[in-house]
Amino acid sequence: MTHSGTSGTDFAGTTVPRHLARGAIGFGLVIGSIALVPVVGPATLLAAPLALIAFRGCPICWMVGLAQTVSRGRLERRCADGVCTLAGGHPAA
């Protein structure tokens, strides 16, 4: 029995550049909101939760999604007799 997908949650983005752009926005919001506290005040911390929208959850979810986006089509999970392995897949066009 061969499975091309996983039964868990898929955090992958459409393309790697798009996924990296979401990460840059998310990390930029977090770092910027903290760095601007001495200049503007604690109100800038309100921008930090907006990063969750860019990350589609948490930074760890974004990192897992990056790994899934990079490996999409290159790795395939195959399960047989209760044992699952990773094997080379067919690259997405």
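Contact is taken to mean heavy atoms within 4.5 Å. The structure is a predicted model, in which local features need pLDDT of at least 70 and side-chain atom pairs count only at pLDDT 80 or more, while totals for chains, interfaces and linings use all residues. Residues are numbered from 1 along each chain as its sequence is written, and side-chain values use heavy atoms, with hydrogens and water left out.

Ser33 is located in helix α1, residues 16-35; helices (H or I, at least four residues) and strands (E, at least two) are DSSP runs, numbered from the N terminus. Apart from neighbours within four places in sequence, Ser33 is in contact with Gly28, Thr44, Leu45, Ala47 and Ala48. With a relative accessible area of 3%, Ser33 is buried (under 20%; exposed means over 50%, and partly exposed lies in between, for a 1.4 Å probe and protein chains only).

Two packed helices are described by the angle between their axes and the distance between the axes. The axes of α1 and α4 (residues 59-71) come within 10 Å and cross at roughly 165°; axes are lines fitted to C-alpha atoms, for helices over the stretch in contact, and angles run from 0 to 180 degrees between N-to-C directions. The two helices, α1 and α4, are therefore roughly antiparallel to each other (over 145 degrees; under 35 is roughly parallel, 65 to 115 roughly perpendicular and the rest oblique). Val16, His19, Leu20, Arg22, Gly23 and Phe27 of α1 make this contact with Pro59, Trp62, Gly65, Leu66, Thr69 and Val70 of α4.

Asp81, in the loop between β1 (75-80) and β2 (83-88), is exposed, with a relative accessible area of 81%.
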